[in-house]
Amino acid sequence: MSEAARMSVAQPAPLLSVRNLRTWFHTFGGVVKAVDGVSFDVAPGEILGLVGESGGGKSMVGFSIMGLIDPPGRIEAGEIVFEGEDLARLDEARMRRVRGKRVAMIFQDPMTALNPLYTIGNQLEEMLKLHTDLPSARRRERAIEMLREVGIPQPESRLDNYPHQFSGGMRQRVVIAISMIARPRLLIADEPTTALDVTIQAQLLRLMKHQVTQNAASLILITHDLAAVSQMADRIVVLYCGRIVEKGRAADVIERPRHHYTRGLLDSIPHHDKAQARLRQIPGSVPDIRKLPPGCAFAPRCPAAQDICRRVEPELVETATGQAAACHFPIEATR
Amino acid sequence: MTALAQRFLASELFHNYRRNASAIIGSLIVLFFAGMITIGPWVVAQDPYDVAQLELLDSFKPPVWLEGGSPQYWLGTDGQGRDVLASIVYGSRISLFIGLTAMIGSCLIGTTLGLLAGFYGGRLDSVIMRIADIQLSFPSVLTALFLMSAFGTGVEKVLIALISVGWVVYARTVRGSTLRETQKEYIQAARVSGLPNAKIILRHVLPNVLTPLIVVATIQVGTFVLIEASLSFLGVGVPITKPSLGLLIKNGFDVLFSGLWWISVFPGLFIMLIVFGINLLGDFLRDELNPRLK
Amino acid sequence: MAPLLAVRDLRQRFDVSGSIFDRLRIRNGRITAPRRIVHAVNGVSFEIARGEVLGLVGESGCGKSTLAKTVIKLHEPTGGAIALDGEDITQHDFHRMRPIRKKMQMIFQDPYASLNPRQRVRDIVMEPYLENAAGPVPDVAERALALLAKVGLGREHADRYPHQFSGGQRQRIGIARALSVGPDLIIADEPVSALDVSIQAQILNLMMDLKDEFGFSYLFITHDLSVVRHISDRIGVMYLGFMVETGPKDAIFENPLHPYTQALLAAAPVLGTPLPPAADAIKGEVPSALNLPTGCPFRTRCPLAFDRCAVERPELKPVAGGHSVACHLHDGGIAAA
């Protein structure tokens, strides 16, 4: 298992390769460096977890890949190489052929992703019309097949229903069906289960994993939920204030975090097996991203910060196991 | 006070304002009119309503740049030798007085009713909003005609006619905002704190529903100036003794086709200018204050 | 000693049918006007002792928030009884509720919507106190600063407006507001679910520190199992407006008896464990509260449902050691699971 995972990391041609991505917003209050020099790869068939708290920039990474950054935001620099093609350089017309067909995205709120005026059948068939050369007679069949795959009972009759006739969990299933129907190579899911209940959450995560594996696609799961990501992802990228603070194989990052922010996040989650009176907390709050301190952005909240942390921004340093942390004093694996 | 001014100068509103040509033009026009109605009467040559100052010999003088014009009367004179510019200054005061007063009256009545309808809901809400619907179906001209025929002309009847229609937009806006605000948890927190409804409305709801009204109120002054002009032009507006810009147009209208165009055209241009200025400013404020457009 | 809060058979229904014109339907050639009733809370009973934390868990639509708001009388209860400190407050009107406001306060879910954006922080935190004070309060400013200090905010924060604070700081302000009257019971409705993970820990720690200092009780509403396990002494599990299981924290987590509780625990993601297999999960979704199932509310999703579940509604019955469950499988008090 670990051998296979390491193989996929070392694979020469990743499906997606994000290099030094900078997505900035030029606002009245200053430049918001929502994504500031982020690099990572997604291998074919891999599930990558992109985690962090609000303001970390994780959603903006997803939007940048999809070419959905609107003014005052802009991709300032960097490459988004997907199947050998730099998406950051594509114009809107060519980007539209990538979106939906080769890269699909799922959002937190399933209601806004569905057009309330069309039946879900219309919306599924529309995707096929846009992105495949399936004859119209076959489209309905394929739509029914797809709904059955995502676990919607009586798909033949549900096809003619409107989005409001579905419950929240069912809507998110429909969204997954629409995003997967054109068999994209990469699915980006931005907090896909946050708005849903625990019991539904587990069903949907399982469904997404199944869909992605079945289609040999890759998944970028963007979430704040470390527990969910630890159950799903092969590798994890942790973002803080628009920068990567840690990345590596999921088990490594969860069990042996090297960055103090990752460790703080993990410790903040109440653990029932440890009878503790108080939770370990990260002091302070996320700084204003327009006025980041010099050096390491986490230094003001970091228990291990020294003078150098407040002056020099740390580089991502990779260890032998492929785990990388941007920290001057990374946590050594003693546990 | 200076701290407040500094905060304003550093605000995003002011920042955007400085980059918005139409907002600057609009506010300059509005400032110009503000100056005109406050210090204008001391600047112009005569008080057009003081008969002692009128020279009948100077009647129907054209504007200064035309043959026969006099430097004493820049924009010419009317049939009684009244300076058109002076008439416009005094007329603007009446037009804007009516526009502003009717706006304030509409705002007070509409906001109160909107708050009550939105906060209490139920039957009270239905009654208030149905009255609003009925009001909207009565054009203000009809209301004015009705009032004039019953009670004769007068500024207060024009105000009643304008307010009777004007409050509806505030009531609807405020009711909508109130419904949205009362869903929020800070209203529940106020209930849990034991605040009576009157205090909840005044302290918590009212301050949070006012912002969208700034836009409505600004644009409404312009609309009211226009409606008042139409009413006066039709003869159901202000009395002869209080000639607004609209009435000036009507007075000059009789001689318009004898080539004496300046008596009604200049007041008309000034109405256009003030409404234009107010609308430019209103559009800017709407773009800035509406969070949904941001 | 009498419990601080005793809730008996509390019911809360909402008529969502709208006006008579919205309700008119033509069915089989006859004009009818059916009512649409949401059965939000359906006969819930529980007690909270002094200094105790009762955690209420359940998924959205299970009625836990409505229950909390009914207990504090933001909604008038449809049926049942609420007693605070031995005093029955079920029928209390606005004026008779006034002394109760000092004993019972609330912390809200949304740190952005729960503070009036046009009020200064010092006015926000003092509002409940000033509204319930017997006479003039000469030391308002000092009291406000003292309250802010209790929740970790400084003098420099007092004159600011809510938009100048982060989510976690706003939640501190909301906590200070609830503290201002020195309550015996604080109802906390999802107080950390809108916050980032690292901030959640800060707020939970603060809430527990304050409880230890002042000795009040919490009714803590949440959907997050790890949070409820951390903070509660006892736990109530709600489903579709019913209390399906209550008991001491450890009993609920280590020996869950109700099939719903078991499913909920199985579905919750746990750090570093693989996704639970589909066999553990309950199927389908929560039925509509407009139209409750007959018998047991959970029978439509329950893997263990049998004939009796469709006809008879199980009652919450004690099994052992303060542990109660509403399930026909555990009817005879068999706690040998």
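Mentor: Two residues are in contact when heavy atoms lie within 4.5 Å. By that criterion, the contact takes 24 residues from chain C and 18 residues from chain B. Please keep in mind that this is a predicted model.

Trainee: What is the area buried between chain C and chain B, and which residues of chain C lose the most area to chain B?

Mentor: About 1800 Å² is buried between the two chains, and carbon and sulfur atoms give 53% of that area. On the side of chain C, the residues losing the most area are C:Arg118, C:Glu127 and C:Glu131, together 29% of what that side buries.

Trainee: Why is the pair of B:Arg203 and C:Glu127 called a salt bridge?

Mentor: The term requires a side-chain nitrogen of Lys or Arg within 4 Å of a carboxyl oxygen of Asp or Glu. For B:Arg203 and C:Glu127, the closest N and O atoms are 2.5 Å apart, so the pair meets the criterion. The count between chain C and chain B is 2 salt bridges, alongside 14 residue pairs in polar contact, both residues at pLDDT 80 or more.

Trainee: Which element gives the most to the side of chain C that touches chain B?

Mentor: That is H4(C), with 4 residues. The residues of this side divide into 10 nonpolar, 6 polar and 8 charged.

Trainee: Turning to chain A, what makes A:Glu191 and A:Lys58 a salt bridge?

Mentor: Their closest N and O atoms are 3.9 Å apart, and the limit is 4 Å, so the pair qualifies. A:Glu191 lies in the loop between strand S7 (186-190) and helix H9 (198-214), and A:Lys58 in helix H2 (residues 58-66), so the pair ties together parts that are 133 residues apart in sequence.

Trainee: Why does A:Glu191 count as buried?

Mentor: Buried means under 20% relative accessible area. A:Glu191 is at 9% and therefore counts as buried; A:Lys58, at 7%, is buried by the same test.

Key:
Residues are numbered from 1 along each chain as its sequence is written. Chains are lettered from A and ligands numbered from 1 in the order in which they are written. This is a predicted model: local features need pLDDT of at least 70, side-chain atom pairs count only at pLDDT 80 or more; totals for chains, interfaces and linings use all residues. Side-chain values use heavy atoms; hydrogens and water are left out. Buried area is the accessible area (1.4 Å probe) that two parts lose on being put together, summed over both. A polar contact is a pair of N or O atoms within 3.5 Å; within protein, one must be able to donate a hydrogen and the other to accept it, and residues adjacent in sequence count only if both atoms are side-chain atoms. Helices (H or I, at least four residues) and strands (E, at least two) are DSSP runs, numbered from the N terminus. Ala, Val, Leu, Ile, Met, Phe, Trp, Tyr, Cys and Pro count as nonpolar, Asp, Glu, Lys and Arg as charged, and the others, Gly among them, as polar. Buried means under 20% relative accessible area, exposed over 50%, partly exposed in between (1.4 Å probe, protein chains only).
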